[in-house]
Amino acid sequence: MWVYEKKLQYPVRVSQCNPMLAKFLIEQYGGADGELAAALRYLNQRYSIPDSVVGLLTDIGTEELAHLEMIATMVYKLTKDATPEQMKEAGLGAHYADHDKALFYHNAAGVPFTATYIQAKGDPITDLYEDIAAEEKARATYQWIINMSDDPDLNDGLRFLREREIIHSQRFREAVEILKEERDRKKIF
């Protein structure tokens, strides 16, 4: 199904060690509106979506996995040189005690990832509206992280991710219109 090219979708650069920024960014790794939840949501929903838009969910779900890889790289680079004291000062002491600097799927508050983040109603239009909301929430979260960041290199990658959320939202909106048109089309038997 996939061809894996061994490079990130967009370059990830970080100016300096910053565990506090990593703490905020981990929201997009294991949070309710993060990249893992989005990828799993879309790749799951594609099984109950009409053929006219199924490819969209596959494409965007796959791209979300690439975004997850970018977030993992960002968090790794922000914490790789951090001391245990810096991790503790950044509010990552519990994370460090449980996982050292290894990535773990949890949100910025340390709440572990849960399958309840993944929505699937089975009604294609309902699911697509859920997807639009998810993309808009992720876009907002990226903007808030950018607002808190003073790292221009990291912000470049975050702006890329924020813009992709906007594109995904637009594509899901287009899919809703396609399905509404199909639903409202006269059927002759």
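Colleague: Which helix does E64 lie in?

Modeller: In this predicted model, E64 lies in helix α4.

Colleague: Why is E64 called buried?

Modeller: The relative accessible area of E64 is 0%. Buried means under 20%, so E64 is buried.

Colleague: Which residues is E64 in contact with, leaving aside its neighbours within four places in sequence?

Modeller: E64 is in contact with E35, A38, A39, Y42, E135, E165 and H168. Contact here requires heavy atoms within 4.5 Å.

Colleague: H168 is on that list. Is H168 buried or exposed, and how do you know?

Modeller: H168, found in helix α8, has 1% relative accessibility. The cut-off for buried is under 20%, so H168 counts as buried. Not counting residues up to four places away in sequence, H168 touches I60, E63, E64, H67 and E135.

Colleague: Where does UniProt place the feature "binding site"?

Modeller: The UniProt record, an unreviewed entry, places it at E35, E64, H67, E135 and H168. Such an annotation may be inferred rather than shown by experiment.

Colleague: What makes you say that they gather at one spot?

Modeller: These residues span 134 residues in sequence, yet no two of their C-alpha atoms are more than 12.6 Å apart, so they gather at one spot. Of these residues, E135 is included in the lining of the second largest cavity.

Colleague: What makes that space a cavity, and which residues line it?

Modeller: A cavity is a set of points where a 1.4 Å probe fits but cannot get out. The second largest cavity holds about 40 Å³ of space. Its lining consists of A32, D33, G34, A38, R41, Y42, A134, E135 and A138. Helices α3 and α7 each supply at least two residues of this lining.

Colleague: How do the residues of that lining divide into nonpolar, polar and charged?

Modeller: The lining of the second largest cavity has five nonpolar, one polar and three charged residues. Gly counts as polar, and G34 is in this lining.

Colleague: What is the volume of the largest cavity, and which residues line it?

Modeller: The volume of the largest cavity is about 80 Å³. It is lined by A22, K23, I26, V75, T79, M87, L92, H95, K101, A102 and L103. Helices α1 and α4 each supply at least two residues of that lining. By class, the lining has seven nonpolar, two polar and two charged residues.

Colleague: Why is the set that holds L25 and L154 called a nonpolar core?

Modeller: A nonpolar core is a set of buried residues of listed types, Leu, Ile and Met among them, joined through side-chain atoms within 4.5 Å. The largest has 22 residues, of which L25, I71, M74, L78, L154, L158 and L161 touch the most other members. Two or more residues come from each of α1, α4, α7 and α8. Helix α4 gives the largest share, seven residues.

Colleague: Which residues does L154 touch, not counting residues up to four places away in sequence?

Modeller: L154 touches R13, V14, L21, L25, M74, L78 and S149. A second, separate core of 15 residues includes A38, V53, L56 and I60.

Colleague: What makes a space a pocket rather than a cavity?

Modeller: A pocket is an open set of points, whereas a probe in a cavity cannot get out. The largest pocket has a volume of about 270 Å³. Of the 11 residues that line the largest pocket, V3, Y4, E5, T62 and A66 lie nearest its centre.

How values were computed
Residues numbered from 1 in each chain as written. Predicted model: local features only at pLDDT ≥ 70, side-chain atom pairs only at ≥ 80, totals over all residues. Heavy atoms only, no water. 1 Å grid on protein atoms, 1.4 Å probe; cavity = no way out; pocket = protein on both sides within 12 Å on 5 of 7 lines; lining within 4 Å. Points joined across faces, edges and corners; volume = space filled by probe spheres on them. Helix = DSSP H or I, 4+ residues; strand = E, 2+ residues; numbered from the N terminus. Buried < 20%, exposed > 50% of the residue type's maximum accessible area, 1.4 Å probe, protein only.
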